[in-house]
Amino acid sequence: MADAALEVRDLCFGYGDIPVWEDVSFSLESGQVAFLTGPNGAGKSTLFRCLAGWLEPGSGEVLVAGEPFTGRTRLAPGTLAFVPDVPSFYDDLTAVEHIELVLAANRAEAARPRAEHLLERFGLIGHERLLPSAYSRGMREKLALVLALMLRPRVLLLDEPHGPLDREASLVLSEELASAAREGTAVLLSCHHDVPGLSPDVSLELRDGGLSQES
């Protein structure tokens, strides 16, 4: 699809001779929200890591904004952001220093007001000068979401983002994802349950080594 923000073609991944999933294909247009579901062990996190360039699939192709993408590809700043199921941070940087680093690395000074807005919405104001190691799991998830959402990337990948959040924060996240989608971000998120306040344009299910899709 010419206007697809994310396109996945016949992607396969396995360990040795044991396949995790095969022939995974789907596409997302700018502004679409997709939910990825499936049982534990189906390979959802593995798929996210392949889409983000962290793992190399056995075969197939990932295209971001129409261009082939792998872990060796240099994307334009702010094109793709990924929040894994367990976000990691630099040990010696505070939360606000992480924000400064990401803004600088992506040449995204214009995103500073949005970063401040997101810090307030996720209840991190007053905690932004702490090291993330001092945060609870939910607060670390919120910081990772701030770093990703403030950029308004072309493609946003989120592995179980609502899981560590309470209902109030989950609703805030859903509102912010809907806002990002309205501004053109293609959002792919995994979930095990209903997501409060957000409905998908595309529903994907990873099960028994294959992917099914509903729109």
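**Exercise 1. Identify the residues that join Glu 7 in a network of salt bridges, and characterise the contact between Glu 61 and Arg 9.**

Solution. In this predicted model, a network of salt bridges links Glu 7, Arg 9 and Glu 61.

Step 1. Within the pair Glu 61 and Arg 9, the closest N and O atoms are 3.4 Å apart. A salt bridge requires a distance within 4 Å, so the pair qualifies.

Step 2. Glu 61 belongs to strand β4 (residues 59-64) and Arg 9 to strand β1 (residues 4-15); the two are 52 residues apart, and the pair links distant parts of the chain.

Step 3. Partly exposed denotes the range between under 20% (buried) and over 50% (exposed). Glu 61 counts as partly exposed because its relative accessibility is 29%. Arg 9, at 36%, is likewise partly exposed.

**Exercise 2. State how many salt bridges the structure holds, then locate the partners of the bridge between Arg 49 and Asp 85.**

Solution. Step 1. The total is 11 salt bridges.

Step 2. Arg 49 and Asp 85 form a salt bridge in which the closest N and O atoms lie 3.3 Å apart.

Step 3. Arg 49 sits in helix α1 (residues 44-51), while Asp 85 sits in the loop between β6 (80-83) and α2 (95-105); this pair links distant parts of the chain, 36 residues apart.

Step 4. The relative accessible area is 22% for Arg 49, which is therefore partly exposed. For Asp 85 the value is 24%, and this residue is also partly exposed.

**Exercise 3. Explain why the pair Glu 183 and Arg 114 ties together separate parts of the sequence.**

Solution. Step 1. Glu 183 forms a salt bridge with Arg 114, with 3.8 Å between the closest N and O atoms.

Step 2. Glu 183 is in the loop between α5 (167-182) and β8 (186-190), whereas Arg 114 is in helix α3 (residues 112-121); the pair therefore ties together parts that are 69 residues apart in sequence.

Step 3. Arg 114 has 25% relative accessibility and so counts as partly exposed.

**Exercise 4. Determine where Asp 23 and Ala 65 lie, and classify the exposure of Asp 23 and of Ala 65.**

Solution. Step 1. Asp 23 has a phi near 55°, a positive value in a residue other than glycine. Ala 65, which is not a glycine either, has a positive phi of about 55°.

Step 2. Asp 23 is part of strand β2 (residues 18-29). Ala 65 is located in the loop between β4 and β5 (67-68).

Step 3. Asp 23 counts as exposed because its relative accessibility is 53%. Ala 65, at 34%, counts as partly exposed.

Notes: Residues are numbered from 1 along each chain as its sequence is written. This is a predicted model: local features need pLDDT of at least 70, side-chain atom pairs count only at pLDDT 80 or more; totals for chains, interfaces and linings use all residues. Side-chain values use heavy atoms; hydrogens and water are left out. A salt bridge is a side-chain nitrogen of Lys or Arg within 4 Å of a carboxyl oxygen of Asp or Glu. Helices (H or I, at least four residues) and strands (E, at least two) are DSSP runs, numbered from the N terminus. Buried means under 20% relative accessible area, exposed over 50%, partly exposed in between (1.4 Å probe, protein chains only).
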